Amino acid sequence: MKIVLFILVTVVTFTVMEVITWLTHKYVMHGFLWILHEDHHQPKYPHPFEKNDLFFVIFAIPSIALFFFGIRPELNFMFFIGLGILFYGIAYFLIHDVLIHQRFKWFKKTKNKYLIGLRKAHKVHHKHLGKEHGECFGMLYVPKKYHKQYKP
């Protein structure tokens, strides 16, 4: 029964991370930490790494701390919260950096309606080069209108 609870904690954490990501993207990245996110909105950024990549580290810190405290004195729920954050970070990397921005050329072509909708929504987000007037701040959930536009 304990394993079911731990799986549930991991899945709920993963899901909640989408809300946290949306809020962080809108109010932190496009707010007081725009200085770290700004280069990400510049077309054809010339360097392999961006200041924006520091957000991976920022989000990894709580996950690492939760892993540490989640095994002391024995395995507990904090470990599985950290695991949910880690899984979301992996999904974020694969969707955002690999699929959408093609920083790694692994999944160049897809005909998947959902993934194409994610790309379209993110493209709309990036049409704004400044921190104001942004839209589509989520990563895994985007408005349905972007998914409906695709015609195979």
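Reader: Which residues does Asn 76 touch, not counting residues up to four places away in sequence?
Author: This is a predicted model. Asn 76 is found in the loop between helix 3 (54–69) and helix 4 (77–100). With residues up to four places away in sequence left out, Asn 76 touches Phe 6, Phe 69, Gly 70 and Ile 71.

Reader: Is Asn 76 buried or exposed?
Author: Buried means under 20% relative accessible area. Asn 76 has 14% relative accessibility, so Asn 76 counts as buried.

Reader: What kind of aromatic pair do Phe 56 and Tyr 92 form?
Author: The ring centres of Phe 56 and Tyr 92 are 5.9 Å apart, with the planes at 75°. Planes over 60 degrees apart count as edge-to-face. The pair is therefore edge-to-face.

Reader: How many residues apart are Phe 56 and Tyr 92?
Author: Phe 56 lies in helix 3 and Tyr 92 in helix 4. Their pair links distant parts of the chain, 36 residues apart.

Reader: Is Tyr 92 buried or exposed?
Author: The limit for buried is under 20% relative accessible area. Phe 56, at 32%, counts as partly exposed. Tyr 92 has 17%, so Tyr 92 is buried.

Terms used
Residues numbered from 1 in each chain as written. Predicted model: local features only at pLDDT ≥ 70, side-chain atom pairs only at ≥ 80, totals over all residues. Heavy atoms only, no water. Helix = DSSP H or I, 4+ residues; strand = E, 2+ residues; numbered from the N terminus. Buried < 20%, exposed > 50% of the residue type's maximum accessible area, 1.4 Å probe, protein only. Contact = heavy atoms within 4.5 Å. Phe/Tyr/Trp six-rings, centres within 6.5 Å; stacked < 30°, edge-to-face > 60°.
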